[in-house]
Amino acid sequence: MLIDIRANATPEDSRTHVRFAFKLDEPAYAVRIHFEYSPKRLDDDGRARELLEQSFEKYVLPEQLALAKERLDRSLPLNNLITLSVDDPDGCRGACHRPDPVQSLTISEREVSPGLVKGKLAAGEWTITLSLHAIVSDNCAYRLQVWTADEERKGGAAMRWTACELHAHTLHSDGKMTLTELASAAAKLGFECVALTDHNTMSGLADKETAERRAGIAILPGMEWTTFHGHMVTVGQAEYVDWRHANAGNIHDGVSAVHARGGVAGLAHPFRIGSPACTGCYWEYEVDDWNDFDYIEAWSGTFAPIKTDNARAFSLWTDKLNEGYRLAATSGRDWHEDAETDEPISVTYLRLEDESRPIGEEAVEALRRGRVSVTIGPLVTLEVDTSAASCRIGDVVPAGEPEAIVRIGIDFSVRQGLWALADPAYRIRLSSNRGVLEESAVRDMEGTQGTQGTQGTQGMQAFRMSVQTEGLSWMRAELWGNVRGVTTMIAFTNAIYFD
Ligand SMILES: [Zn+2]
Ligand SMILES: [Zn+2]
């Protein structure tokens with residue numbers, strides 16, 4: 001942390017500047033600034049009126065004084081106002097003159113908060129100036145934190161989230177679509193990427209290039225191992241792996257074979273009713289090492305979060321995280337036909353870190369590393385900053401930092417027009433192996449301000465909170481709300497881990 005101060009201002013400090021310097025020993029990629037003060041308003045009504053009357057005496061023409069006092073209520077409430085500006089080694093880098101008493105700001109080469117100027121962050125002496133325009137309460141506590149987020153360099157502008165459907169079938173098994181029809185239907189639903197996971201065959205992929213060209217989206221090669229003891233979705237492998245050798249005790253051999261061919265493997269709908277109605281639909285394999293699997297398909301089908309099978313799969317994932325395993329959780333529609341549905345459709349967002357590589361390879365890498373966020377609505381993201389590292393979903397926060405700053409983003413602009421949730425009263429929850437660390441209302445869809453420090457820009461909301469890292473091994477963000485009369489999870493991120 002470059003600056004971490006708490007201080008107090010009083011009315012005597014009104015109309016003064018307070019400056020805090022910090023030094024960048026080398027050019028930085030991004031600097032983050034968090035600043036807050038409290039209280040915002042002067043609740044003592046009598047005192048507020050007294051202050052206003054004094055100012056009227058001073059500023060209003062004598063003949064208008066009576067009228068001004070009569071209309072005094074129009075000037076209430078009286079607020080404290082502190083604003084922030086930034087100087088780099090060459091001079092002023094901008095100011096954030098706005099009333100918000102909680103502000104989380106970024107300044108970097110590629111991204112910047114309104115009011116500040118983006119560009120290189122030179123080494124040298126920097127200054128944050130707090131301008132105390134008005135302190136009307138007896139005391140006004142403020143806090144300023146400044147830190148670098150250089151880990152973000154590895155992502156930078158090349159990083160983006162891509163909407164994927166990870167479980168689908170065609171005529172090559174028991175689906176009703178050709179691959180081109182599947183890819184076109186997926187594109188219409190706003191997916192950029194669909195995995196073909198036919199049962200026990202990869203023959204449908206012969207049409208991959210044609211289908212990709214016609215539909216304009218990427219197709220991931222895959223196969224659903226449809227065995228007697230469980231269904232296992234595999235994605236990204238270069239070639240067919242024979243599933244028929246699988247028996248109740250040797251599924252790890254199959255996983256190794258998929259890994260050896262560049263693929264990833266996950267449990268498909270592990271709690272769906274099994275034999276004889278649907279042989280293998282219920283996962284009955286002995287698992288020696290959960291780290292061997294890349295993911296669990298926690299949400300299967302449409303309107304997935306309300307289904308009891310999926311609740312069991314989600315709990316299984318949480319149990320494994322609590323036991324110390326690091327594995328991802330995804331959604332998959334198990335899509336067989338292009339039938340209209342009015343049920344919410346789940347999307348697995350995968351974070352691509354290097355756009356110069358083919359989307360297919362990057363998507364598989366994202367699954368392998370747990371760079372995953374699942375939703376039936378907005379995209380939820382999670383980041384953790386300590387003074388030593390800046391981590392995203394799937395990353396591991398190094399040990400030794402007692403405090404971390406957690407940032408949760410909710411992007412309402414994704415797949416615009418393709419989903420709708422009638423009730424805009426959401427709650428954001430930060431879950432972990434220590435239980436729920438924080439929960440708060442997402443107050444205002446367009447909002448600019450909430451108790452935890454939300455800032456709205458173009459359909460994006462950001463929450464920021466500080467947590468003690470002791471005893472933490474993982475955390476994830478969840479979005480809850482009312483969907484069609486049911487209180488349900490709407491979205492969940494995959495985990496950020498702690499060493
Ligand atoms: Zn299946
Ligand atoms: Zn399936």
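How many of the nine residues of strand 2 (residues 16-24) are buried? The count is zero, and strand 2 is hardly covered. Welcome to this predicted model, in which local features need pLDDT of at least 70 and side-chain atom pairs count only at pLDDT 80 or more, while totals for chains, interfaces and linings use all residues. Residues are numbered from 1 along each chain as its sequence is written, and chains are lettered from A and ligands numbered from 1 in the order in which they are written.

**The whole chain**

- Of the 499 residues in the chain, 42% are buried; buried here stands for 20 or more other C-beta atoms within 10 Å of a residue's own, exposed for 12 or fewer, and partly exposed for in between, with C-beta atoms placed from the backbone.
- The chain holds seven helices and 28 strands, which are DSSP runs numbered from the N terminus (helices H or I, at least four residues; strands E, at least two).
- Along the principal axes, the C-alpha atoms fill a box of roughly 95 × 50 × 45 Å.
- Among contacts with a separation of 6 or more, 70% come from residues 24 or more positions apart; a contact needs C-beta atoms, placed from the backbone, within 7 Å.

**Domains and annotation**

- The chain is divided into domain 1 (3-41 + 79-148) and domain 2 (160-498), with bounds that come from an automatic or database domain assignment.
- Between the C-alpha centres of domain 1 and domain 2 there are 38 Å.
- An unreviewed UniProt entry places "domain: Polymerase/histidinol phosphatase N-terminal" at residues 164-229; UniProt positions follow the numbering used here, feature names are shortened, and annotations may be inferred rather than shown by experiment.
- Residues 164-229 are 27% helix and 23% strand, and the end C-alpha atoms of this span lie 27 Å apart.

- Four strands make an open sheet in the order 2-7-4-5, with antiparallel pairing; strands pair if DSSP finds at least two bridges between them.
- Strand 2 and strand 5 (91-96) stand at the edges with a single partner strand each, so one side of each has no neighbour in the sheet.
- From one strand to the next, the twist averages 20°, where axes are lines fitted to C-alpha atoms (for helices over the stretch in contact) and angles run from 0 to 180 degrees between N-to-C directions.
- Nine bridges link strand 2 with strand 7 (residues 124-134) in the antiparallel sense, and Arg-19 has Thr-129 as its bridge partner in strand 7.
- Strand 4 (residues 81-88) runs antiparallel to strand 5 and is joined to it by five bridges; Asp-88 stands opposite Gly-91 in strand 5.

**Strand 18, a covered strand**

- Strand 18 (residues 379-385) is mostly covered, with seven of its seven residues buried.
- Leu-379, Thr-381, Glu-383 and Asp-385 point one way from strand 18, while Val-380, Leu-382 and Val-384 point the other way.
- In a regular strand, side chains alternate between the two faces of the sheet.
- Strand 21 (residues 403-411) runs antiparallel to strand 18, with seven bridges between them, and Asp-385 has Ile-405 as its bridge partner there.
- A hairpin leads from strand 18 to strand 19 through four residues; three bridges pair strand 18 with strand 19 (residues 390-392), and Val-384 stands opposite Cys-391.

**A look at Ile-490**

- Ile-490 sits in strand 27 (residues 486-493) and is buried because 23 other C-beta atoms lie within 10 Å.
- Not counting residues up to four places away in sequence, Ile-490 touches residues including Pro-305, Thr-375, Leu-421 and Trp-480.
- Arg-427 is 63 residues from Ile-490 along the chain, and their C-alpha atoms are separated by 9.7 Å.

Note on methods
Contact = placed C-beta atoms within 7 Å.
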